[in-house]
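Please take a moment with the sequence and the structure shown here before reading on. The report that follows goes through a few of the elements, one group at a time.

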Amino acid sequence: MTKIIGITLGDPAGIGPEISIKAFSKPELYDRCRPLLVGDQSVIEYYLAQHPELDLKVNVVENPKDGLYTYGTIDLVDLGLVNMADFQIAEVSVTGGDAAFQYVKKVIELALAKDIDATVTNPLNKEAMNAAGHHYAGHTEIYGDLTNTEKYTMMLADGNLRVVHVSTHVSLREACDRATKQRVLDVIRIADKACKDLGIVNPRIAIAGLNPHCGENGLFGTEEIEHINPAVEAAKAEGINAFGSLPADTLFSKARGGMYDIVVAMYHDQGHIPLKLLGFIYDQETSSWKAVEGVNITLGLPIIRTSVDHGTAFDQAGKWTASELSLENAIDYAIRLAENTQ
């Protein structure tokens, strides 16, 4: 039987509702999974009323097993947190931030209870969420906390380029301190398992250096000598096919070309910039994004979580111009992981 994939609505003031409806309006989605939306009926009905040509109906369920999962129907777990009569699209708000958090909390609970097979998250706004009293740096930290997971990491993927991170939402100064031997080794292990879960039998894992040219044997820094290289050797001793440390300025091009299956980046921007350079395409002539692709996956959790690799895009919200491609890619990754690991 196809897997039940729980999909959060994201911040209702952003593009999450739009791209969700667009994804659910395609019959091929139902050929691959049983999609379940977690959000607010009032938000979905608001957008459906503007686009009657889609001919979609909402089926509210309390238990995922009660979903119809047929094309033409959006099965929805309705949390009833937003009243569109007094809610403003494209603005940061406590209501939107709280709703986005509660959707995530609910989908995690469903996954932990094994009522669904995987989770997919639409974008939330960190400012709004924190204003609502939920003090997290982002989705990754919410999942880590609510699943009581200590060792986890973020993976970004676009095509055959996959990147995991030793640290993410911290200052660059703190990121340097977090590149310890133990943390690097933990992330290498998580990367190895993730690739195998995706069906890669003997993954080739490339580990980036922290400093320019990997420190030039201590000339530009000693983190490679003291922490990163020892972690790589420890991983090799465990039978992991690890390479490094390698200069980051050429490593990503090699990985994109197929030399490696996944890259271990030392900090947030080291991994995010090459992925978004490939997946995000801006058109100067139209002053708009032609493509916003890529998938964000949280590894090391007891449940499956994938996500779009973009934000709430308040500047596009309500205009029906946002692309659903990143969400569709995230759903595809969630299905693959659910089929290979459960």
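At what angle do helix H1 and helix H3 pack, and how far apart are their axes?

## Helix H1 against helix H3

Helix H1 (residues 16-24) and helix H3 (residues 41-50) pack at an angle of about 70 degrees, and their axes lie 10 Å apart; axes here are lines fitted to C-alpha atoms, for helices over the stretch in contact, with angles running from 0 to 180 degrees between N-to-C directions. H1 and H3 are therefore roughly perpendicular to each other, a description used for angles of 65 to 115 degrees, whereas those under 35 count as roughly parallel, those over 145 as roughly antiparallel and the rest as oblique. The crossing of H1 past H3 is right-handed, that is, the near helix is turned clockwise from the far one by less than a right angle.

On the H1 side the contact involves Pro17, Glu18 and Ile21, which meet Val43, Ile44, Tyr47 and Leu48 in H3, where contact means heavy atoms within 4.5 Å. By class, this contact of H1 with H3 has 6 nonpolar, no polar and 1 charged residues. H1 is also mostly covered, with 9 of its 9 residues buried, buried being under 20% relative accessible area (1.4 Å probe, protein chains only). Among these buried residues are Gly16, Lys22 and Phe24.

## How the model is read

This is a predicted model, in which local features need pLDDT of at least 70 and side-chain atom pairs count only at pLDDT 80 or more, while totals for chains, interfaces and linings use all residues. Residues are numbered from 1 along each chain as its sequence is written, and side-chain values use heavy atoms, with hydrogens and water left out. Helices (H or I, at least four residues) and strands (E, at least two) are DSSP runs, numbered from the N terminus.

## Strand E5 and its neighbours

Strand E5 (residues 118-121) is covered on both faces, with Ala118 and Val120 buried on one side and Thr119 and Thr121 buried on the other. Strand E1 (residues 4-8) runs parallel to E5 and is joined to it by 3 bridges; two strands pair if DSSP finds at least two bridges between them. Ile7 has Val120 in E5 as its bridge partner.

E5 is also joined by 3 bridges to strand E14 (residues 305-308), again in parallel. Here Val120 stands opposite Thr306, and Thr119 stands opposite Arg305.

## The hairpin of E13 and E14

Strand E13 (residues 295-299) pairs with E14 in the antiparallel sense over 4 bridges, and Ile297 stands opposite Thr306 in E14. E13 and E14 form a hairpin with 5 residues between them, and Gly300 in the turn has a positive phi of about 95 degrees.

Terms used: Buried < 20%, exposed > 50% of the residue type's maximum accessible area, 1.4 Å probe, protein only. Nonpolar A, V, L, I, M, F, W, Y, C, P; charged D, E, K, R; others polar.
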